[in-house]
Amino acid sequence: MKNWLILTVAALFLLTACSNTNSKETPSSEENTKVQSEDSVGFEMIGDKFVEAENVPADEKVKILAAFDEYIHSFNAKDINRYGNVLSKHATGFDYDEEIEMVKATFKNHDVKLVESDATIIKYSENEAQVAANIDYHVKENGTDATLNRTVRQVTIFVKENDGWKITRIVGMEKLDQ
């Protein structure tokens, strides 16, 4: 059963948290680490902290971080309607309908809790924002004792749409120091 859980969670990470398989970690020093992909999704860290973008207007910062919080809270509440409302229907990193069906199946078969820390807007433009965070995934397969706990450094890419900031893509990598 544990192999089934690992495969399911791996699929969850591939679709939900790791839509870009080209991301890689390239430490430049112990105190300063940059992560980049070919699509310019990445983050810079100083020590254990993500480096915040300096050009984010205060009112947009509040809206973007509220959208990120809604993503986490709606997922943890297993509220598929709320979760669907935070996703872009024109996403570049996933198919909206497939994502909804996959998350419904996940909710049915697993107890999953996301615990985020250090959410930081690391890149901002008028129409796109990237939020980096450490996210602890706590997964338990329903009906068994099989569990999986992983921490992922995740970049959640939002696009500005008429009704607010929506997730268009999520890129993540498991932290190697676990």
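1. A salt bridge here is a side-chain nitrogen of Lys or Arg within 4 Å of a carboxyl oxygen of Asp or Glu. By that rule, D118 forms a salt bridge with K49, and the closest N and O atoms are 3.8 Å apart. The partners come from distant parts of the chain: D118 sits in strand β5 (residues 110-124), K49 in strand β4 (residues 49-50), with 69 residues separating them. Strands (E, at least two residues) and helices (H or I, at least four) are DSSP runs, numbered from the N terminus.

2. A word on the source. This is a predicted model: local features need pLDDT of at least 70, side-chain atom pairs count only at pLDDT 80 or more, and totals for chains, interfaces and linings use all residues. Residues are numbered from 1 along each chain as its sequence is written, and side-chain values use heavy atoms, with hydrogens and water left out.

3. D118 is partly exposed, at 31%. The cut-offs: buried is under 20% relative accessible area, exposed is over 50%, and partly exposed lies in between (1.4 Å probe, protein chains only).

4. How many salt bridges does the whole structure hold? A search finds eight. One of them joins E70 and R82, with the closest N and O atoms 2.7 Å apart. This pair also links distant parts of the chain: E70 is in helix α2 and R82 in helix α3 (residues 80-86), twelve residues apart. E70 is partly exposed at 27% relative accessibility. R82 is partly exposed too, with a relative accessible area of 28%.

5. Next, D111 and K78. They form a salt bridge whose closest N and O atoms are 3.9 Å apart. D111 lies in strand β5 and K78 in the loop between α2 and α3, so the pair ties together parts that are 33 residues apart in sequence. D111 is partly exposed, at 42% relative accessible area. K78 is partly exposed as well, at 33%.

6. K78 also has a backbone feature to check. Its phi is positive, about 55°, although K78 is not a glycine.

7. Salt bridges also form a network. Which residues does it link? They are E60, K63 and K160.

8. Now the aromatic residues. The structure holds five aromatic pairs. Rings of Phe, Tyr and Trp (its six-membered ring) pair if their centres lie within 6.5 Å; planes under 30 degrees apart count as stacked, over 60 as edge-to-face, and the rest as tilted. F75 and F107 make an edge-to-face pair, 5.1 Å centre to centre, with 70° between the planes. F75 lies in helix α2 (residues 58-76) and F107 in helix α4 (residues 96-109), so this pair ties together parts 32 residues apart in sequence.

9. Where do these two rings stand on accessibility? F75 counts as buried, at 2% relative accessibility. F107 counts as buried too, at 11%.

10. Ring pairs link F68, Y71, F75, Y83 and F107 into a cluster.
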